[in-house]
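Please look over the sequence and the model before reading on. The notes below go through it topic by topic.

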Amino acid sequence: MEKLDESKFEQRLQLWALRIPREHASAVTRLLRSSYLLDKPRVKPVVEDPESDKNRLVVLSERVQKPDLSDMPEQVYDSLKQLCNVDVVPYTLTLGYSYWSADHILRQILPDGVEVPSSFETIKNYPRIQTVANKVGTITNEFRVPQFEILAGKSDMVTEVKQYGATFRLDYGSVYWNSRLEHEHIRLVSLFKKGDVICDMFAGIGPFSIPAAQKGCVVYANDLNPESVHYLRMNAKINKVEDYISAYNMDARMFMQNVMGVPSETQSDSQVAADNCYPEEMLSTNENPSSNGSYDDVQENCQNGTSGSSLASSTAKKGQQPVKEGESDCQDGDASQTKKRNNKRVRGSGPPPAKPWEHIDHVLMNLPASALQFLDCFDGLIQKKYWKGSLPWIHCYCFIRSSESEESVLAEAQSRLNAKIAEPIFHRVRDVAPNKAMFCLSFKLPVECLKKDTESQIQAVAE
Ligand SMILES: C[S@@+](CC[C@H](N)C(=O)[O-])C[C@H]1O[C@@H](n2cnc3c(N)ncnc32)[C@H](O)[C@@H]1O
């Protein structure tokens, strides 16, 4: 595809301007503002006079066609004459590529007969359009990455988008992104409080995790797609929240077992988790904790996927111990092995240390096509013996077709959890097709999901 020729967007307007003494500029603009002053977004109507810095040029709108100003009402013209000496001079205004809105540019560069793509909104915030692409087909791959056909511009699909003040860098060609979820991202994050511990099981490039971290939450974020995790880390850095986010690249079930696994030194400690609450002053000042835990310098979390053995280093410096390269416990998919942790810790600034096996506040499951199927991972995940405080909220996204109902979805969720959900909350996110809507099912994890301590575990701890 060819590079866009930006010069093709240049437009020259032949206008008239009033040359006036600069001290009268405000009064003249006030007088002309209603209809006769230049009125174009981001273009100033009062400019320097290249001939004298004692003067200003007040640029008139396209309505004023005649240099004798006879197309202005007499009353306005007389008021103007009373204010100051006025010279009328020709003025050429050039509107360049950067002036035009995204949809204007799209309409100009799309081939004849091609409509502005429906996914157009995804790129409208980006200041310079470099690529026009259309989503084609339906998403069938595991990483939920759409197929695009390039209609114009560069084939490279790396770009930046902004949501609620955060910047997200991404490659549309290799990761999932949907700007239509912006309101949902904001809605859910608004439920979190500073200091909350969040597990984002299907984090993508971080549209829940990054704003949660910006709010001061301790975030464990995971995605199976290595490219998503690459951009998640990059976005954590761009938004200066890398100390608040631990990034993982593995299957979501494995991730939850990894994060919730009780470290071996904790299991052998008879004074289990004496300190489970984070003093308010520590949260608000973001100070380095001294005696009750410092942060790991670097975490490396292993991938459990088709490629299996690649290791991904985390962005975080928190209380969660990593699996080190060379002892990548989860390569063989044995979750029980992931309890082996590296003990090396260094001090640094950042969030309070989190012990997710003792407490997490929210779990996010945004993989609507199949998140319900992952609910079985909560059955026996939390060890009652170590857990402190209330059980986490689970926010599980799903699709409901017209042939289904909230009751049928709830029944599936309960059967996967092997427990009854007390007070389910269904939030309709958006309609994705005439007969299909996306919902968020939120509920407190039922107490029946807690893992009871068995004799053998107690024995193991004693040893
Ligand atoms: C619908 S996207 C949501 C991404 C992000 N939370 C958002 O709102 O934009 C689902 C994500 O789940 C990831 N994914 C798919 N299967 C997974 C699995 N088994 N374990 C972890 N992540 C998975 C995909 O790579 C994709 O990034």
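This briefing covers a sheet, a helix, a hairpin, some backbone angles and the ligand surroundings. The model is predicted. Four strands form an open, antiparallel sheet in the order S2-S3-S1-S4. Helix H7 is largely enclosed by the rest of the structure, while strand S4 lies largely in the open.

**The four-stranded sheet**

- Read across the sheet, the strand order is S2-S3-S1-S4, and the pairing is antiparallel.
- Strand S2 (46-48) and S4 are the edge strands, and each pairs on one side only.
- On average, neighbouring strands in this sheet are turned by 40° against each other, direction ignored.
- Strand S1 (residues 11-21) and S4 are joined by 9 antiparallel bridges.
- Helix H1 (residues 25-32) lies across S1, S2 and strand S3 (55-59). The helix runs at about 10° to S3.

**Open strand, enclosed helix**

- Is strand S4 (residues 87-95) largely in the open or largely enclosed? Of its 9 residues, the number buried is 0, so S4 lies largely in the open.
- Helix H7 (residues 252-260) has 8 of its 9 residues buried, so the rest of the structure largely encloses it.
- The buried residues of H7 are Ala252, Met254, Phe255, Met256, Gln257, Asn258, Val259 and Met260.
- An α-helix has 3.6 residues a turn, so residues three or four places apart point the same way.

**A hairpin**

- Strand S7 (residues 158-163) pairs with strand S8 (residues 166-171) in the antiparallel sense, over 6 bridges.
- One of the pairs joins glutamate 160 to arginine 169 in S8.
- S7 and S8 make a hairpin with 2 residues between them.
- In the turn, tyrosine 164 has a positive phi of about 35°.

**Positive phi in loops**

- Most residues other than glycine have a negative phi.
- Arginine 42 is not a glycine, yet its phi is positive, about 65°.
- Arginine 42 sits in the loop between H1 and S2. Arginine 42 is exposed, with 7 other C-beta atoms within 10 Å.
- Leucine 69 also is a residue other than glycine with a positive phi, near 60°.
- Leucine 69 belongs to the loop between S3 and helix H2 (74-83). With 18 C-beta neighbours inside 10 Å, leucine 69 counts as partly exposed.

**Around the ligand**

- Which of the 20 residues around the ligand come nearest? They are Phe202, Gly204, Leu224, Asn225 and Ala252.
- Ala252 is also one of the buried residues of H7.
- The shell around the ligand holds 10 nonpolar, 6 polar and 4 charged residues.
- Domain 2 (102-154) and domain 3 (157-285 + 353-463) each supply at least three residues to the shell.

Notes: Residues are numbered from 1 along each chain as its sequence is written. This is a predicted model: local features need pLDDT of at least 70, side-chain atom pairs count only at pLDDT 80 or more; totals for chains, interfaces and linings use all residues. A residue is near a molecule or strand if its C-beta atom, placed from the backbone, lies within 6 Å of it. Ala, Val, Leu, Ile, Met, Phe, Trp, Tyr, Cys and Pro count as nonpolar, Asp, Glu, Lys and Arg as charged, and the others, Gly among them, as polar. Domain bounds come from an automatic or database domain assignment. A residue is buried if 20 or more other C-beta atoms lie within 10 Å of its own, exposed if 12 or fewer, and partly exposed in between; C-beta atoms are placed from the backbone. Two strands pair if DSSP finds at least two bridges between them. Axes are lines fitted to C-alpha atoms, for helices over the stretch in contact, and angles run from 0 to 180 degrees between N-to-C directions. Two residues are in contact if their C-beta atoms, placed from the backbone, lie within 7 Å.
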